[in-house]
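We'll hop from stop to stop, and at each one I'll say what to look for.

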Amino acid sequence: MATKLSEILKQPHTKMTEDNKMRLLNMRVDDYNKSKGELTEIDCPICNNKGLVMKIRQNPMFNYWEEYVTDCECMEKRKLLYKARKSGLGDYLKKTSKDYEATEQWQKDILQKASDYCKSDNDNWFVILGQTGAGKTLICSIIANYHLFNLNKSVVYITWTDFISRLKRDMMSDNAQTVSKYFDEVKNAEILFIDELLKKYNETDLKYIIEIINYRYTEGLKTIISSEREAGELLDIDEATFGRMVEKAGKYITNIQKDRKKNYRLKNIL
Ligand SMILES: Nc1ncnc2c1ncn2[C@@H]1O[C@H](COP(=O)(O)OP(=O)(O)OP(=O)(O)O)[C@@H](O)[C@H]1O
Ligand SMILES: [Mg+2]
Ligand SMILES: [Zn+2]
């Protein structure tokens, strides 16, 4: 008959049988794994929300059994959720290709291009320009989400206007360090999604986008761009910079000709 646990615990460790040492070790591991942690968002039955699990292994040098602590498998998902929240995509994070209605041929073409883009493993950019309300932000969000959740990449989402306002606000507060930290974060993002590019701008704002595009072009960093401005307009603004954008996008550039019928926001009244 196995010795009672209370009896085992009274014995000095050196006198314990290997069997009893193992029972004790298992007990410690169970206790640790059952204890509750304070992580939120995912309710994990394996680590009870500590993010860590205790396991048993044979010490490689001295051959005895010992406990060790390692990341729980839920940590991958937690990190992903953290990255997703940090991306700034907000409600758009829920969007997948299932949310994109493709009844018209032009929408089918966009969806196909987006799907090809997600599967391609080169560093092309995805650029979609033109008609307001035509689903540009939606399709770019779907692509950004695919990179976040399926390819485990980090995405930074900015709308042009908010980006510029934030830079200006930080500059007003005379905190040069904050400005350059935020600017560098955006410039160096693994995947950068710039929404509503150059919606409004002045000459000083232009130098930021020129620096970002030139840098990301040289460094081969994937960039997703949506803008109401058509390719010709962007090229008129700065041909060298937007020429690079067009080059990087290659076949993944779409110019949606201005046509009110393509404005999804108006679909019930037209
Ligand atoms: N193909 C589509 N399927 C489902 N919903 C769509 C589709 N296209 C657009 N929408 C919806 O219509 C609205 C406008 O789309 P979205 O914001 O993506 O347009 P946009 O081209 O980015 O417009 P803007 O240039 O004004 O920013 C959103 O609510 C979006 O979810
Ligand atoms: Mg938009
Ligand atoms: Zn866990």
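With 15 C-beta neighbours inside 10 Å, does Ser154 count as buried, exposed or partly exposed? Select Ser154 and you'll find it partly exposed, because it has 15 C-beta neighbours inside 10 Å. (Buried takes 20 or more other C-beta atoms within 10 Å of a residue's own, exposed takes 12 or fewer, and partly exposed is in between; C-beta atoms are placed from the backbone.)

Before moving on, some housekeeping. This is a predicted model, where local features need pLDDT of at least 70 and side-chain atom pairs count only at pLDDT 80 or more, while totals for chains, interfaces and linings use all residues. Residues are numbered from 1 along each chain as its sequence is written, and chains are lettered from A and ligands numbered from 1 in the order in which they are written.

**Around Ser154.** This residue sits in the loop between α5 (136-150) and β4 (155-159). Helices (H or I, at least four residues) and strands (E, at least two) are DSSP runs, numbered from the N terminus. Leaving out residues up to four places away in sequence, Ser154 touches Lys83, Ala189, Glu190 and Ile191; contact here is C-beta atoms, placed from the backbone, within 7 Å.

**Two asparagines.** Stay in that loop between α5 and β4 and click Asn152. Its phi is positive, near 60°, and it is not a glycine. Most residues other than glycine have a negative phi. Asn152 is exposed, with 11 other C-beta atoms within 10 Å. Now jump to Asn63, in the loop between β1 (52-58) and β2 (65-71). Asn63 also has a positive phi, about 70°, and is exposed, with 7 other C-beta atoms within 10 Å.

**The ligand.** Select ligand 1 and show what surrounds it: 16 residues, the closest being Glu101, Gly135, Lys136, Thr137 and Tyr264. To be near, a residue needs its C-beta atom, placed from the backbone, within 6 Å. α5 gives the most to this shell, with three residues.

**A buried strand.** Finish at β3, residues 126-130. Five of its five residues are buried, so the strand is largely enclosed by the rest of the structure. β3 pairs in the parallel sense with β6 (residues 222-227) over four bridges, and Phe126 has Ile224 as its bridge partner there. β3 also pairs in the parallel sense with β7 (residues 253-256), again over four bridges, with Gly130 opposite Ile256. Pairing needs at least two DSSP bridges between the strands.

Definitions and conventions:
Two residues are in contact if their C-beta atoms, placed from the backbone, lie within 7 Å.
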